Amino acid sequence: MGSSERSTLLSLEEYRSKSSFDVKQMFEEMEPPEYFEIKKKVWHFLASNPLFHVDYKNGSSEKAKARAATQLKVFISSSGLFKHIDNMSYRDRTKYLLIVNEALEIYNANVSIKIALGVALFANALNCLGSERHKKFYTDVWEGKILSCLAITELEHGSDTKRLKTIARYDALTKEFVINTPGICAAKVWVGNLGKQCTHALLFAQLEVNGVSHGLHGFVVPIRDPQTLQPYLGINVGDLGEKSGLHGIDNGWVMFDNYRIPKENLLNRVGDVNEEGEYETSFTDPQKLLGASLEILSAGRVGIVNESSNNLLRAVIIAVRYAAQRRQFCDSKGIETPLLEYQTHQYRLFPYLAATYVIKNFSNEFSDRYVDCVAASREGSLEMKQVSRMVSGVHAVLCCTKAVITWTTQRAIQETREACGGHGYHKAAGLGDLRNNHDPRVTFEGDNTVLLQQTSNWLLKLYNDPDERDFTVYPLSMFKFIDQLDAILSKKSDVTNVETLCSVSTIMTMYEGLICWLLKTTNRKMDALKSKYNDRFVARNLCQVFKAKELAIVVAEFVMICHLKEKIMLSKRTSVVIVLKKLFSLYGLWCLYQHLPLLYQGGFFSSPLHTDCISDAILSLCDELKGEAVTLVDALSPPDFILNSVLGCSDGKLYERLMNAFRQQDNGGIPLRYPDFYKAKL
Ligand SMILES: Cc1cc2nc3c(=O)[nH]c(=O)nc-3n(C[C@H](O)[C@H](O)[C@H](O)COP(=O)(O)OP(=O)(O)OC[C@H]3O[C@@H](n4cnc5c(N)ncnc54)[C@H](O)[C@@H]3O)c2cc1C
C-alpha cells in the first residue's frame with residue numbers, strides 16, 4: 001500500500017471519528033430493519049450472480065439491451081424474490097415490491113425499470129382496471145412467461161393524453177376490438193420494453209362502440225409470440241434507437257393496422273361492452289374505484305420518488321467520501337487541505353446531503369401513507385368523502401414532490417460530478433451514467449412542469465372552498481394552518497439572529513407564512529386574469545411562472561420538512577436528533593434562500609440584514625456538519641459493490657481503485673464486503 005493510499009483511508013477514518021452520533025443509531029432511525037432485510041436479499045443475489053456484475057467494456061447500446069433482457073429474465077425466475085407475493089396482503093405486497101425496486105435500481109436502473117414497466121405496473125393495472133377474466137395475464141407475467149410494456153405516449157401527444165388518437169373500434173359480429181393507428185402522429189412511441197422484448201402491451205386507446213367514442217381505455221394487446229418473439233401480423237413495431245442514457249432499455253414504437261384482439265382484453269373495471277354489443281359503465285363501487293385510479297396514476301410516481309432518493313444518496317455518498325480523501329492546496333503550515341474543509345465545497349455538497357436525509361425520510365414515509373390510502377379505499381374503512389379528499393391530496397402531494405425530488409437529484413448529480421473534478425467524469429466514478437439514467441425521470445410518468453399545475457390547482461381549490469378542508473386525513477392534516485391565513489399574514493418576521501433562524505419552529509413558521517401569501521396572491525392573480533380574459537385556460541397559463549409554480553414547489557418542500565419534523569419530535573435518540581435538526585435547518589434555509597424575492601415581496605423579510613442572517617445561518621450549519629458528513633453518508637450507504645464507484649468506496653482505497661480503472665483492470669471488481677461501520681449497522 002502506497003503512502004497516498006494510506007492517507008486517503010486515514011482521512012475517511014479521521015472524519016468518521018469526528019462525528020457526534022453513532023452510525024448504527026442513525027441507520028436505525030432512518031431505515032426500518034425489515035425493509036433493510038429485503039434490500040440485503042436483492043443485493044446478495046446481484047453480487048453472487050456474475051451476470052449482473054458491471055462490465056464497463058461492454059459498451060454498445062445493442063449489447064446493453066440484450067444483457068438487460070437476460071438479466072430481467074434471470075431476476076424474475078431465479079432470484080426467488082417474487083415467490084411469495086401472492087400470499088401477501090395488498091399493503092405488504094406493494095411495500096415489498098417498492099423496496100425490491102429501490103434496492104435493484106440503485107445498482108441496475110435498466111433492469112429495475114424493465115421490471116417495473118413489464119411486470120409490476122402491468123400487474124398493478126390488471127388489479128386496478130381489470131377483473132377476474134384477466135387473471136391469466138397476471139399469473140403469466142409473474143411467472144416470466146410474458147412481458148409487458150405501458151403504451152400511452154404518441155408521437156404527437158404526451159402530456160395531453162386526452163388527445164391520443166389510437167383507436168379500438170368494437171366489431172359486434174366477431175366480438176373483437178379492431179385497433180388502428182390513424183397516421184404516424186398517432187404511433188405509440190418511447191414505450192419501454194416494446195423495442196425488442198415485450199410480448200404484450202398495456203395499450204391505452206380511444207374506445208369506440210357503434211360509432212360513439214367513450215374515451216381512453218386500457219387493453220391487453222398481444223404484440224409478439226412469446227416463444228419466437230416474432231411480432232404478429234398487423235403490428236408494425238421497432239426499437240427507437242440510441243438514447244442519452246438507460247441504454248439497456250429497448251424503448252420502441254408501434255403502429256397498428258386493423259389488428260384484432262378479443263373483447264375480453266378490454267380492462268373492464270370502469271366500462272365494458274355487454275353481450276348486446278353496447279357500452280356500459282360499471283361504477284359499482286365508487287370508493288374502490290377512487291383508490292384504483294390513484295394507484296394507476298401514482299404507482300409509477302411513488303417508485304420514481306424512491307428511486308430518485310437513492311440516486312441522490314448515491315451521488316452524495318460518492319462526492320462526500322471523495323472530498324474527505326482528496327486534498328488540494330496547502331494551508332499556511334504547509335499541510336494539504338481535504339476538499340471537505342473548504343467552505344465553497346461544503347456549500348456545494350452539504351445542502352444536498354441535507355436534502356438526502358429530508359427526501360429519504362419523506363420517500364420512506366410517503367410510500368407507507370400512499371399504500372395506506374389505497375388500502376383504506378379498498379377496505380371501505382373510511383367515509384366516501386374522506387377517501388375522496390385523501391386520494392386527491394395524496395395525488396397532489398405526489399405530483400409536486402415527484403417534481404422537486406427529481407429536479408433536486410438531477411442538480412445534485414451534476415454538482416457532485418463537478419465536485420469530484422476530472423475523476424468524476426470517468427465511467428467508473430459512476431456519476432456520468434447516474435446523471436444520464438436519472439435525467440428522464442423529470443419527464444416520464446408526467447413532466448414535472450405539468451405535474452406542478454395539478455398541485456397548484458388542488459391548493460387553490462382548498463383555498464377557495466373551506467368544505468374541502470378535512471384536516472383529519474393525510475395529507476390535509478399538514479395544512480391546518482390555512483384556516484388562520486389572515487392572522488398568519490398579519491405577522492411580520494422579527495428574526496435577526498442565526499440561532500433563532502435555524503430553529504425548526506422558525507423555519508416551519510416561515511414556510512406556513514410563505515404558503516399563505518402564495519395562496520392568496522396566486523388566487524388574486526388568477527381572478528384578475530379570469531376577469532380580464534374571460535377564459536380559465538388563459539388565466540391558468542398566465543399564472544404559472546411567478547405564482548402557481550412557485551406555490552407548488554414551496555408546498556413540496558414544506559411537506560417534506562413536515563415529515564422530518566415529525567421524526568425529530570418522536571425520536572428518543574438524542575445525539576441523532578441534534579444532527580437531524582441541523583440537516584432539517586440546512587435544507588429548509590437553503591430552499592428558503594432560493595425564495596428570497598418572495599420572502600421580501602410577502603413582507604416576511606424587510607431589511608438587508610435578513611439576507612445576511614439566512615446566508616450566515618447556512619454557512620454556520622455547513623461548518624457544523626463538516627465533522628458529521630462522512631458518518632452521515634456511512635449511515636445510509638449500501639455496500640461498496642452496490643454503490644459501484646471507484647471514488648466512493650468506504651475503504652479509502654481511492655487512488656488504487658482509480659488507477660485500476662485507468663488501466664482498465666478490475667473496474668467492476670469491488671467486492672460485496674461490509675466495512676466496519678456497516679457491521680455496526682447490522
Ligand atoms: C426514457 C423515457 C422513457 C419513456 N417510457 C415511456 C413508456 O414506457 N410508455 C409511455 O407511454 N411513454 C413513455 N415515455 C414518454 C413520456 O411519458 C413522455 O415523454 C412524457 O409524458 C411527456 O410527454 P411529451 O414528451 O409529449 O412532452 P410534451 O407534453 O410535449 O411537453 C414538452 C414540454 O412542454 C411543456 N408543457 C407541456 N404542456 C404544457 C402546459 N400545459 N403548460 C406549460 N408547459 C407545458 C412540458 O413541461 C415539457 O417541458 C418515456 C419517455 C422517456 C424520455
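What is the mean pLDDT of the chain, and what share of its residues reach 70 or more? I looked this up before anything else. The mean is 93, and 97% of residues reach 70 or more; pLDDT is the predictor's confidence in each residue, from 0 to 100. The model is predicted, so I take local features only at pLDDT of at least 70 and side-chain atom pairs only at 80 or more, while totals for chains, interfaces and linings use all residues. I number residues from 1 along each chain as its sequence is written. I note ipTM 0.99 and pTM 0.96.

Over residues 1-6 pLDDT stays under 50. The model has five contacts there beyond four places in sequence (contact: C-beta atoms, placed from the backbone, within 7 Å). Where pLDDT is low, predicted coordinates should not be read in detail.

**Ligand shell.** I find 18 residues around the ligand (C-beta, placed from the backbone, within 6 Å of it). Ile 152, Thr 153, Gly 158, Ser 159 and Thr 449 come nearest. Strand E1 (150-151), strand E4 (188-191) and helix H12 (448-464) each give two or more residues (DSSP runs, helices H or I of at least four residues, strands E of at least two, numbered from the N terminus).

**Core.** The largest nonpolar core has 207 residues. It joins buried Ala, Val, Leu, Ile, Met, Phe, Trp, Tyr and Cys through C-beta atoms within 7 Å (buried: 20 or more other C-beta atoms within 10 Å of its own, placed from the backbone). Val 316, Val 320, Val 358 and Cys 400 touch the most other members. Helix H8 (residues 286-325) supplies the largest share, 18 residues. I checked Cys 400: beyond four places in sequence, its contacts include Leu 451, Thr 455 and Ile 553.

Methods
A residue is buried if 20 or more other C-beta atoms lie within 10 Å of its own, exposed if 12 or fewer, and partly exposed in between; C-beta atoms are placed from the backbone. Two residues are in contact if their C-beta atoms, placed from the backbone, lie within 7 Å.
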